Amino acid sequence: MTTESGALVRVIRGIDSVSEWSGRIAAWLVIPLIAVMSWEILVRKVARPTYWAFDLSYMLYGALFMLGTAYTLYRGSHIRTDFLYQGWPVKVQASVDAVCYLLLFFPGIAIFFWFATDWAIISWQREERAMASAWMPVLYPLKAVVPVALALLLLQGVAEFLKCVYAIRHAEWLSKPRSLEEVLSEELPLEEKAK
């Protein structure tokens, strides 16, 4: 096992920490989403449905979903079909991943980022509102989330590409810091055995 140090590792760890914290912050959007949906259910049973709950719920969910993509990539939770891939040597895995990031991921996300940024700027300039809703909520804050989320995803893609470079150089993957959930899941069975 090689020592995980150097400028490359520091850059990777720095980007990973940005993705981890952006994901943790975005996760708090679940609280207002639950509050809005609970309020709507309660009011619907007592009185009549609100005009704003549906719009606010899809905006909160959309922001949560988009802002969580970089964190999901960081945790390796995007869908993969790796029944062949997992048996390959680390250098081959890293080489395939690096080529896929260069040829597929970066161009696609960069194009989406370019168009989403333009889309969000125009929405802010026009102070765009949802015309299909009686409440007519503003849409430009939600549309601004898209390029922010894509920028975070692109940044995490850089970290993942650099992890491939590290794996190609050292013939092993860079270790991932364990999440709180992983640490707790290992400690809980030990506590139960002690009882």
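Student: Which helix holds Ile109?

Tutor: Ile109 is found in helix H5. The model is a predicted one.

Student: Why is Ile109 called buried?

Tutor: The relative accessible area of Ile109 is 11%. Buried means under 20%, so Ile109, at 11%, is buried.

Student: What is Ile109 in contact with, leaving aside its neighbours within four places in sequence?

Tutor: Ile109 is in contact with Leu150, Leu153 and Leu154, once neighbours within four places in sequence are left aside. Leu150 is 41 residues from Ile109 in sequence, while their C-alpha atoms are 6.8 Å apart in space.

Student: What makes H5 roughly antiparallel to H6?

Tutor: H5 and H6 pack at an angle of about 165°. Angles over 145 degrees count as roughly antiparallel, so H5 is roughly antiparallel to H6. The axes of H5 and H6 are 8 Å apart, and H5 passes H6 in a left-handed crossing.

Student: Which classes of residue make up the contact of H5 with H6?

Tutor: That contact has 29 nonpolar residues, with 4 polar and 4 charged.

Student: Why is H3 called roughly parallel to H6?

Tutor: Helix H3, residues 53-67, packs with H6 at an angle of about 10°, their axes being 9 Å apart. Angles under 35 degrees count as roughly parallel, so H3 is roughly parallel to H6. The crossing of H3 and H6 is left-handed.

Student: Which residues meet where H3 and H6 are in contact?

Tutor: From H3 come Tyr58, Met59, Ala63, Met66 and Leu67; from H6 come Leu142, Val145, Val146, Val148, Ala149 and Leu152. By class, the contact of H3 with H6 has 11 nonpolar residues, no polar and no charged.

Student: What makes a group of residues a nonpolar core?

Tutor: Its members are buried residues of listed types, such as Ala, Leu, Phe and Tyr, joined through side-chain atoms within 4.5 Å. The largest nonpolar core here has 20 residues, and Tyr101, Phe105 and Phe161 have the most contacts inside it.

Student: Which helices each supply at least two residues of this core?

Tutor: They are H1 (7-27), H5 (90-126) and H6 (140-170). The largest share, 8 residues, comes from H6.

Student: What does Phe161 touch, not counting residues up to four places away in sequence?

Tutor: Phe161 touches Ala98, Tyr101, Leu102 and Phe106. A second, separate core has 7 residues, including Ala26, Ala70, Ala149 and Leu152.

Technical notes
Residues are numbered from 1 along each chain as its sequence is written. This is a predicted model: local features need pLDDT of at least 70, side-chain atom pairs count only at pLDDT 80 or more; totals for chains, interfaces and linings use all residues. Side-chain values use heavy atoms; hydrogens and water are left out. Buried means under 20% relative accessible area, exposed over 50%, partly exposed in between (1.4 Å probe, protein chains only). Helices (H or I, at least four residues) and strands (E, at least two) are DSSP runs, numbered from the N terminus. Contact means heavy atoms within 4.5 Å. Axes are lines fitted to C-alpha atoms, for helices over the stretch in contact, and angles run from 0 to 180 degrees between N-to-C directions. Angles under 35 degrees count as roughly parallel, over 145 as roughly antiparallel, 65 to 115 as roughly perpendicular and the rest as oblique. A crossing is left-handed if the near helix is turned anticlockwise from the far one by less than a right angle, and right-handed if clockwise. Ala, Val, Leu, Ile, Met, Phe, Trp, Tyr, Cys and Pro count as nonpolar, Asp, Glu, Lys and Arg as charged, and the others, Gly among them, as polar.
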